[in-house]
Amino acid sequence: MKLKNFNKLISFGGADTVTGSCHLLKGERLNLLVDAGLFQGGDVKVHKNNLSFDPKVIDGVFLTHAHLDHSGLLPLLAKKGFSGPIFCTQATRDIAEVILLDSASLLQKKSDDPLYRTQDVQRVMNLIEVVDFEKEESFKGVNFKFHHAGHIPGAASVSLDEVIFSGDLGRRDDILLKRPSPSGDHKVAIIESTYGAHHHRLAQGDLQELKGLVERIIKTQGTLLIGAFSVARSQMMLSLLNRLMNEFPELEIPIAMDSPMALKVNGLYQKHKTLLKEEVDFSRVVEIKHTWDESTRQKKSHNQANILISSSGMVSGGKILTHLEELAPYKENILFLPGFLSEGTLGRKLSERPEHFLLESREIELHCDVVQGLQYSSHADQNELIDWLKLATRSEALVLVGHGDKEEKEEFLKSIQKEVTKNAALLEFGVEIDLGC
Ligand SMILES: [Zn+2]
């Protein structure tokens, strides 16, 4: 197999883990980077967020989507001298701006010598060149195309000549986003495997679980606190609640959203509504303007059933912590966590129902119910990933698997070898793979 412009691939993230996606595609004439994500999570070694390559040798960057674990190191790249173009879709550009500004502000708060600052984010924004979905373009002799990937608005898989990077792939039945649409007979595919060993059992739009929770909260007159990420998960939960309340008007109760980033992203959902299957109706959302005090707590937890969507989704920070502190000690409330909970996060710990938990060294009693929902993932499962590969590659293609925990990746590799191609391998951090043999 000989490729037109490239002969090597090295992954500096999104290889062994689901975080810090960063792939360097090397050729004789040029070097391209696909994603430059920030490493996140408690066990992350700080050195992983220092670039393992010289940004000045990169000719261009292709950004699959705005999530921090794919975009979060772009400002560092710009700070360290990268000045080439960064190609992405318009919605990715808009959401990345919100996410990166928030990231810079957090980094500045945490350290006097942060990884990057707000002005580095501005520098990145000036380098971005927006491209349309499904339009053949070229850069320095490389043909490229962004394909719909579902997942979050703007998310794309990227073809670079005969190589395709899946990026994060969404689900076939996502209630808001179009299904992933790869095409072509690529010779090499780099694919994510977050849920590579997993089969989603319930459709994302199944309302049964949510209906049960709202019915319960109406009975107890408490607060249903939903922990959801600001980008995509919050808007998805609101859409599902809209569907529920339209179908069952007797379940109509106030919905508040308390996450400054989610409120900004709501505006971008309106701006980019053509990317959605249906427009999101934000009219039910009441904004929280107060801070908690005894009287609001009494009202919130005893007088009127209500729903509060707040971030972060894994309860690892953000406004949800304040609400949790107020609501957790009362049995009439429910904490609902609709998504995957990483090891080591407070969300994971709460899902195991301890009697107490610590919040900034204060001991809080846990009497509210804690429910984890698993059907709301925005990642494709094993069948969907395999189908994507079949559509995106030719039969003898080389398939490289990354962006997954060890067991998911290994299990997924076996199923690729059985159903798609024997020519498949796992990506490893920093290990150069020869594409030109
Ligand atoms: Zn993502």
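Which residues of α3 are buried? I began the notebook with this question and return to the answer under the helix entry.

**Entry 1. Conventions.** I worked with a predicted model, in which local features need pLDDT of at least 70 and side-chain atom pairs count only at pLDDT 80 or more, while totals for chains, interfaces and linings use all residues. Residues are numbered from 1 along each chain as its sequence is written.

**Entry 2. Overall form.** I counted 12 helices and 22 strands in the protein; these are DSSP runs numbered from the N terminus, helices being H or I with at least four residues and strands E with at least two. I then looked up the radius of gyration, taken over C-alpha atoms, for which the globule rule is 2.2 Å times the number of residues to the power 0.38. For 437 residues a compact globule would have a value near 22 Å, and the protein agrees with its 22 Å. Along the principal axes, the C-alpha atoms fill a box of roughly 70 × 50 × 40 Å.

I noted that 48% of the 437 residues count as buried. A residue is buried if 20 or more other C-beta atoms, placed from the backbone, lie within 10 Å of its own; it is exposed if 12 or fewer do, and partly exposed in between. Two residues are in contact if their C-beta atoms, placed from the backbone, lie within 7 Å. Among contacts between residues at least 6 apart in sequence, 74% join residues at least 24 apart.

**Entry 3. Helix α3.** I found 21 residues in α3 (90-110), with 30 Å from the first C-alpha to the last, close to the expected 30 Å. The expected span is 1.5 Å times one less than the number of residues. To answer the opening question, the buried residues of α3 are Ala91, Thr92, Arg93, Asp94, Ile95, Ala96, Ile99, Leu100, Ser103, Ala104 and Leu107. These residues pack against several elements, among them α1 (68-71), α2 (74-79), α4 (118-127) and α7 (260-271).

I examined the pair α3 and α7 next: their axes come within 10 Å and cross at roughly 170°. Axes are lines fitted to C-alpha atoms, for helices over the stretch in contact, and angles run from 0 to 180 degrees between N-to-C directions. The two helices are therefore roughly antiparallel, as angles over 145 degrees count as such, with those under 35 roughly parallel, 65 to 115 roughly perpendicular and the rest oblique. The contact is made by Ala91, Asp94, Ile95, Val98 and Asp102 of α3 and by Met261, Lys264, Val265, Leu268 and Lys271 of α7.

Entry 4. I located Ala262 in helix α7. Ala262 counts as buried because it has 27 C-beta neighbours inside 10 Å. Leaving aside neighbours within four places in sequence, Ala262 is in contact with Ser230, Ser234, Met257 and Ser311.

I placed Phe229 in the loop between β12 (223-227) and α6 (233-247). Phe229 is buried, with 24 other C-beta atoms within 10 Å. Not counting residues up to four places away in sequence, Phe229 touches Ser234, Ser311, Ser312 and Gly313.

**Entry 5. Sheets.** I traced an open sheet of seven strands in the order β6-β5-β4-β3-β2-β1-β22, with mixed pairing. Strands pair if DSSP finds at least two bridges between them. At the edges stand β6 and β22 (433-434), each with a single partner strand, so one side of each is left without a neighbour in the sheet. Within this sheet, β4 (60-62) runs parallel to β5 and is joined to it by two bridges; Phe62 has Phe87 as its bridge partner in β5.

I traced another open sheet of seven strands, β7-β8-β9-β10-β11-β20-β21, also of mixed pairing. Its edge strands are β7 (137-139) and β21 (424-426), each pairing on one side only. Three bridges join β9 (156-160) to β10 (163-165), and the two run antiparallel. Leu160 stands opposite Val163 in β10.

Entry 6. The bridge partner of Phe357 in β18 is Ile364.
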